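I opened a new model today and kept short notes on what I looked up. The entries follow in the order I made them.

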Amino acid sequence: MTKQYIDLHVHTNASDGILSPAEVVQAAREKKLKAIAITDHDTTDGFVEALGHVGDSDLELIPGVELSCTFSGNDVHVLGYLIDYKNPEFIKTIKKFREERLNRGKAMVAKLNDLGINLSIDTVTEIAGNAAMGRPHIADALVREEFVQTYDEAFARYLGYHAPAYIPKKHLEVEHAINILHLIGGLAVLAHPGTLDHDEYIPLFVDMGLDGLEAYHSLHDRKRIEHYKNMCKKYNLVCTGGSDCHGPRKGKMLMGSMRVPYECLENMKKRVENR
Ligand code: AMP
Ligand code: FE
Ligand code: FE
Ligand code: ZN
């Protein structure tokens with residue numbers, strides 16, 4: 001049998017991706033992926049909608065979520081996998097995170113207005129629709145209203161970490177995020193550890209109950225992938241991976257590009273079972 005591949009980090013337009021859940025499922029089928037995890041920021045609406053589009057295909061859909069935390073002043077993204085996405089407390093919690101995202105979006109638009117950029121929050125909410133609002137929606141709005149030429153320019157000039165309209169999200173402890181994910185039966189995985197670039201945090205997160213590292217990621221080169229696979233062995237963590245595909249925003253469609261082996265998912269399921 002030919003080797004089977006998966007992608008455990010995919011966004012839909014329920015957060016800041018540009019493909020609808022149906023389009024994500026279609027793309028995964030075209031790429032002959034065996035499984036994908038939909039890991040939208042602070043919502044599982046995209047996953048639930050995608051379930052309705054799998055039909056009779058043998059594509060496996062894994063429930064996931066991506067939570068934004070801070071640790072020592074750094075942005076840390078924690079991925080949840082194999083979660084009970086129907087848990088009412090969890091649904092309430094992420095709804096609150098989405099409300100905070102909307103408030104932050106409004107505050108960022110106010111900052112842009114102070115900078116003389118006459119963008120209206122209505123343009124942003126129209127682009128975001130029912131999605132969990134994020135900076136990509138504001139960037140798209142800035143492009144649409146011709147305040148910038150490109151999406152990247154929007155981040156470089158206004159929305160990036162050190163840019164003048166940037167506002168951090170409300171503080172969420174890594175340990176709290178891990179606990180939330182464990183309470184709903186899921187695994188907590190450190191997203192793109194290479195972009196965090198603070199490996200010294202990893203043993204601390206392991207003590208908090210971290211289950212895995214996202215070794216394969218489109219921003220990790222071959223060396224980094226090997227490095228994090230080795231760290232998984234060292235700390236007895238599951239090794240996961242995905243493209244972090246947000247759809248073809250810049251022409252490129254990353255889905256499936258990381259060639260993550262199906263064994264990663266099998267090991268994740270074993271870890272859940274053996275808990
Ligand atoms: P937010 O969750 O609102 O802080 O937005 C974070 C999202 O913005 C990330 O998941 C990326 O999709 C996107 N993003 C962050 N920084 C950049 C950047 N410098 N250039 C392009 N996209 C970015
Ligand atoms: Fe994103
Ligand atoms: Fe992330
Ligand atoms: Zn992501």
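**Entry 1**

I note that the model is a predicted one.

Are His77 and His192 buried or exposed? Buried means under 20% relative accessible area. His77 has 14% relative accessibility, so I put it down as buried. His192, with a relative accessible area of 10%, is buried as well.

**Entry 2: the iron ion (ligand 2)**

Next I looked for the other iron ion in the pair: the iron ion (ligand 2) is 5.8 Å from the iron ion (ligand 3).

Which distant parts of the chain are linked here? I found Asp16 in the loop between β1 (5-10) and α1 (21-30), and His246 in the loop between β7 (238-241) and β8 (260-261). Asp16 and His246 are 230 residues apart. I also checked Asp16 for burial: its relative accessibility is 7%, so it counts as buried.

**Entry 3: domains**

I turned to the domain assignment of the protein chain. It gives domain 1 as 5-93 + 181-274 and domain 2 as 99-159. The C-alpha centres of domain 1 and domain 2 are 26 Å apart. Their contact takes 10 residues from domain 1 and 8 residues from domain 2.

**Entry 4: helices α5 and α6**

Last, I looked at how two helices pack. Helix α5 (residues 135-144) and helix α6 (residues 151-159) make an angle of about 110 degrees, and their axes are 9 Å apart. That angle makes α5 roughly perpendicular to α6, because angles of 65 to 115 degrees count as roughly perpendicular.

Which residues meet? From α5 I listed Arg135, Pro136, Ile138, Ala139, Asp140, Leu142 and Val143; from α6, Tyr151, Ala154, Phe155, Tyr158 and Leu159. I sorted the residues of this contact into 10 nonpolar, no polar and 2 charged.

How values were computed:
Residues are numbered from 1 along each chain as its sequence is written. Chains are lettered from A and ligands numbered from 1 in the order in which they are written. This is a predicted model: local features need pLDDT of at least 70, side-chain atom pairs count only at pLDDT 80 or more; totals for chains, interfaces and linings use all residues. Side-chain values use heavy atoms; hydrogens and water are left out. Axes are lines fitted to C-alpha atoms, for helices over the stretch in contact, and angles run from 0 to 180 degrees between N-to-C directions. Helices (H or I, at least four residues) and strands (E, at least two) are DSSP runs, numbered from the N terminus. Angles under 35 degrees count as roughly parallel, over 145 as roughly antiparallel, 65 to 115 as roughly perpendicular and the rest as oblique. Contact means heavy atoms within 4.5 Å. Ala, Val, Leu, Ile, Met, Phe, Trp, Tyr, Cys and Pro count as nonpolar, Asp, Glu, Lys and Arg as charged, and the others, Gly among them, as polar. Donors are N, O and S atoms within 2.8 Å of the metal (3.2 Å for Na, K and Ca); water is not among the atoms, so sites may look incomplete. Buried means under 20% relative accessible area, exposed over 50%, partly exposed in between (1.4 Å probe, protein chains only). Domain bounds come from an automatic or database domain assignment.
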